[in-house]
Each structure stands twice: as structure tokens, then as C-alpha cells.
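Subject: Structure handover

Hello,

Here is the structure I promised you. Please open it alongside this note; my findings follow below.

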Amino acid sequence: LPANLNKIGEYVFSNCENLENINLHSNITSIGECAFENTAIRELDFTKGEPDIPESCLVIGKGAFCNCRNLEKVKLSQRIVYLADNLFENCTELKEVGFSKNLRVIGSAVFRNCSLLKEMMDIPESVTEIETSAFDYCRGFTGKLVIPEGVTEIGRDVFHSCISLQSVTIPKSMKTIERGAFCLCSSLRSVTIPDSVTTIYESSFQKCDNLQLICAPGVQFIPF
């Protein structure tokens, strides 16, 4: 892409099924909705040429890279503070994601059905919101999940069907666990819930057949 390009519009390269490589330089400030959906891109590096102290944010629209079924690796820029809805949904070969340390929000269904993410990603401490179905059907997640301090709500179906997830630690900032948040996490054995949590909605841990311990002394209301 030319060095003077700073915006890529909506659907510009959508369904270019033979597009395998794209060089995203640091002058780009905006990538439109579904701009690269259903392409053959294999790797994304948003950090190339990035200054130590970013001067502007990089805004990426909904579903910009969804259905990129050859995409294996993503490295996110420090200029990215928000991951828009459906951004990497159905990127079924995605194995590795390097988060921005400035990331604030992981939007709805961002990584839904990214089933080859083998290890639980380190969610940055800067994150304050994880929205509906963000990691739904990430079936390769293994080991322990630590949700960072500052997150106050786990949205609906956020970790639904993460069937290899074994342990979850929830921060003291947490207030609400929404419906279906950990539904069908069949390998989940341990959940630590602090006193700050006051509401756990229906089906939050439904079909967690191996769950042995929930420590939830502060929960005041659990609707069924």
C-alpha cells in the first residue's frame, strides 16, 4: 500500500479470495467495515514502522478481517484501543494474537469460532470491557484464564463452548456474570469469584460437567 494512504474504506478488498499478503504501514488511521473479509491473508502485523509513542489511534471497522480462513497470526498495534465487533470471527486457522497494551474494549464476537487458538491469550490489564460472545467457540483454549482487574462485567456467552478451558480467576472489580458466560465449558474445574460479584445470570455455568468449586461469597441474586 502507498505510504501516503491513510484510510481504507468499507468492503474495499472484500471477497478477494486470492489476496494473501498486505503491508499495513503506520500512516493508516482507518480500516473500514469488512474491508478484508473473506480474503486469503495469512498474517497481519499492525506494528510495522510504529513509533514508540503513537500519535494517533487506528480505528478498524466491524468484521474487517472476518472469514479470513487462512489467517494464522495477528500482531496488534499500540494504536488500537478497541477491537470492533466480529473483527476476526470465523478465522478458523488463527493460532496466535499479540494484544495492544493500550487495548480497552474487546467487542462482540471478535474471536468467535477461532477454534485453533490453542493457548489462553494474555488479556491486557488495560482491558475494561469484554462484550457478548467475544471468545465464543474458541475450543482450543487450554489452561487458566485470568480476567484483568478493571473488567466489571462478563458479557453474554463470552466464553461459551470453550471446551478446553480448565480454570478461571475473576477480578475484584467484577460485578456481573451474564447469561451463558461459561456455558458448555466442559473441562472447567475451578472458578474463583470474589465478593464484588453480586449477580450471576441464568445458564452462566450450564453443562460445566467437571466444575468442582465455585467460591462466590458475595453473590446476592442468582436468577434461574
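Two strands count as paired if DSSP finds at least two bridges between them. Keep that in mind for the sheet. Also note that this is a predicted model.

**The sheet**

β5 and β7 run parallel, and 3 bridges join them.

Q78 sits in the loop that runs between β5 (73-75) and β6 (82-83). Is it buried, exposed or partly exposed? Its relative accessibility is 24%, so Q78 counts as partly exposed. The cut-offs behind that are under 20% for buried and over 50% for exposed. The Q78 side chain reaches the backbone nitrogen of K101, at 2.9 Å. As for A134, it is 56 residues from Q78 in sequence, and the two C-alpha atoms are 20 Å apart in space.

**The aromatic rings**

How many aromatic pairs does a search of the whole structure find? The count is 11. Take F46 and F65. Their ring centres are 6.0 Å apart and their planes meet at 80°, so this pair is edge-to-face. F46 counts as buried because its relative accessibility is 3%. F65 is at 0%, so F65 counts as buried too.

Now a second pair, F182 and F205. This one is stacked, at 5.3 Å centre to centre with 5° between the planes. It also links distant parts of the chain, 23 residues apart. F182 lies in the loop between β13 (176-177) and β14 (190-192). F205 lies in the loop between β15 (199-200) and β16 (213-215). F182 is buried, with a relative accessible area of 1%. F205 has 15% and is buried as well.

Finally, the cluster. Ring pairs link F13, F36, F46, F65, F88, F99, F111, F135, F141, F159, F182 and F205 into it. Both pairs described above therefore have their residues in this cluster.

Best wishes

Terms used: Residues are numbered from 1 along each chain as its sequence is written. This is a predicted model: local features need pLDDT of at least 70, side-chain atom pairs count only at pLDDT 80 or more; totals for chains, interfaces and linings use all residues. Side-chain values use heavy atoms; hydrogens and water are left out. Helices (H or I, at least four residues) and strands (E, at least two) are DSSP runs, numbered from the N terminus. Buried means under 20% relative accessible area, exposed over 50%, partly exposed in between (1.4 Å probe, protein chains only). A polar contact is a pair of N or O atoms within 3.5 Å; within protein, one must be able to donate a hydrogen and the other to accept it, and residues adjacent in sequence count only if both atoms are side-chain atoms. Rings of Phe, Tyr and Trp (its six-membered ring) pair if their centres lie within 6.5 Å; planes under 30 degrees apart count as stacked, over 60 as edge-to-face and the rest as tilted.
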